Amino acid sequence: MATPYQIQVGNLLYTVVDDCTTTYWAVITGTVTDEIFGDFYSPTFTVKLARPDLRTKTMATGLFAVTGYPEQSFPDHATKNYTVNLVLQAPGFRDSLVAAPVLAGATFPVVIVPVAMRRLPVRMQGRVVNDITRAPIAGALVLSVDDPTTPPLIHTMALRSPLYFVHASGVAAQLVTIGSVGGATLLSDSAAGAQVLSLSARTGLGPGSIIQVSNLSKVLVEYGVVDHLGPGPAASAGQVFLRNALNRSYPAGIPTNVQFASATLAGAPAALSTDADAGDGVLRASQLMNGATLVVESGTLTAEYHEVGAISDADGYYGLDGMGRVQEIFLKTSQGALQQTVGWFVEYDHAINVVDFRLS
């Protein structure tokens, strides 16, 4: 390239380079897969980034490229490292945030590690009835169990309420025994997403205390861990601020049961076999834990407690939110001696999967 020089035209000064050659090409390339099924296909797959000097090109099969003029976008590329932040998006999948490294002196295009896109979870619901009379069965327990034919190395547990926090692969999950150490009345309605409860009493509560919130039938059960109390004496009515926001809405007064709980670790801990997202209604772990209640990351600020499995209501209906991360799930439903186990390939193209049970 020739040496730049300047030309003045009127009041304007121009910098001129004779025979300047620029190259517009792919500077970053990559591919995405489906975390569950492997092969990826989405005609509306997109890659977004905030830099106006770069463009993107995508294919429905998950191939993508970031294009631009390398000498403009990475002027000190020979000696300086760069990072390009990408947002990978496709309908039915969670957004994937990728920090693509462009190392000093690397040859273009830079090929990044394949990204496994994670499908949005779905809801599984249905009705439990008697196989002979077709009468609805209330209080039936619906659990995720291992494949009865080929026991897996990774075990899946369905939770009654989805996770509140993100958890890394390898962290501990363990069964707990829940006890009651007090209770209160909910003074005002609590909407889904609320992180503050207004209670008639707060005696004994403090940072790290556990509060169980449920409807009277226990079809809905959630646990909140106290962050701090609102103004006023601890023995009086007032606000309680939680570390986690509750997933569901609860009306004030008698329809909602509020218990102050103790949790005692029971049995051996398991390790999460995969990381977990907030909103996931399943845990994948090194052992099956189908007791009543479990805790994830006990003793940390992101500790959270969950009931395992769903309960059918007075009309026999049950629901499990946040179902994902697996191709197939096995659900066992039982009440007393009545039981049935069903294998179900999760239909991620449908927000609601209907799985009914007829117990005999």
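Colleague: How many helices and strands are there in the chain?
Modeller: The chain has one helix and 28 strands. Keep in mind that this is a predicted model.

Colleague: What radius of gyration does the chain have?
Modeller: The chain has 27 Å. A compact globule of 360 residues would be near 21 Å. The C-alpha trace spans about 90 × 55 × 35 Å along its principal axes.

Colleague: And how much of the chain is buried?
Modeller: Buried residues make up 41% of the 360 residues. The accessible surface comes to about 17400 Å². Carbon and sulfur atoms hold 57% of that surface.

Colleague: What about contacts between residues 24 or more positions apart?
Modeller: Take the contacts with a separation of 6 or more. Residues 24 or more positions apart account for 68% of them.

Colleague: New topic. Where is Asp277?
Modeller: Asp277 sits in the loop between strand 19 (256–271) and strand 20.

Colleague: Buried or exposed?
Modeller: Asp277 counts as buried because its relative accessible area is 15%, and the cut-off for buried is under 20%.

Colleague: Which residues does Asp277 touch?
Modeller: Leaving out residues up to four places away in sequence, Asp277 touches Arg94, Arg118, Leu163, Phe165, Val166 and Arg325. With Arg118 there is also a polar contact between the side chains, at 2.9 Å.

Colleague: Arg325 is on that list. Where does Arg325 lie?
Modeller: In the loop between strand 24 (317–323) and strand 25 (328–335). Arg325 is buried, with a relative accessible area of 10%. Its phi is near 75 degrees, a positive value in a residue other than glycine.

Colleague: What is phi of Arg134?
Modeller: Near 65 degrees, also positive in a residue other than glycine. Arg134 is in the loop between strand 11 (122–130) and strand 12 (141–145). Arg134 is partly exposed, at 41% relative accessible area.

Colleague: Is the peptide bond from Phe108 to Pro109 cis or trans?
Modeller: That bond is cis, with omega near -5 degrees. Pro109 is in the loop between strand 8 (96–102) and strand 9 (110–111).

Colleague: Last one. Where is Leu288?
Modeller: Leu288 is in the loop between strand 20 (282–285) and strand 21 (293–296). Leu288 is partly exposed, with a relative accessible area of 32%.

Colleague: Which residues is Leu288 in contact with?
Modeller: Setting aside neighbours within four places in sequence, the contacts of Leu288 are Ser144, Val145, Asp146, His155, Thr156 and Met157.

Key: Residues numbered from 1 in each chain as written. Predicted model: local features only at pLDDT ≥ 70, side-chain atom pairs only at ≥ 80, totals over all residues. Heavy atoms only, no water. Helix = DSSP H or I, 4+ residues; strand = E, 2+ residues; numbered from the N terminus. Buried < 20%, exposed > 50% of the residue type's maximum accessible area, 1.4 Å probe, protein only. Contact = heavy atoms within 4.5 Å. Rg over C-alpha atoms; globule rule 2.2 N^0.38 Å. Areas by Shrake-Rupley, 256 points an atom, 1.4 Å probe, with all protein chains shown as cover. Polar contact = N/O pair within 3.5 Å; in protein donor to acceptor, adjacent residues only side chain to side chain.
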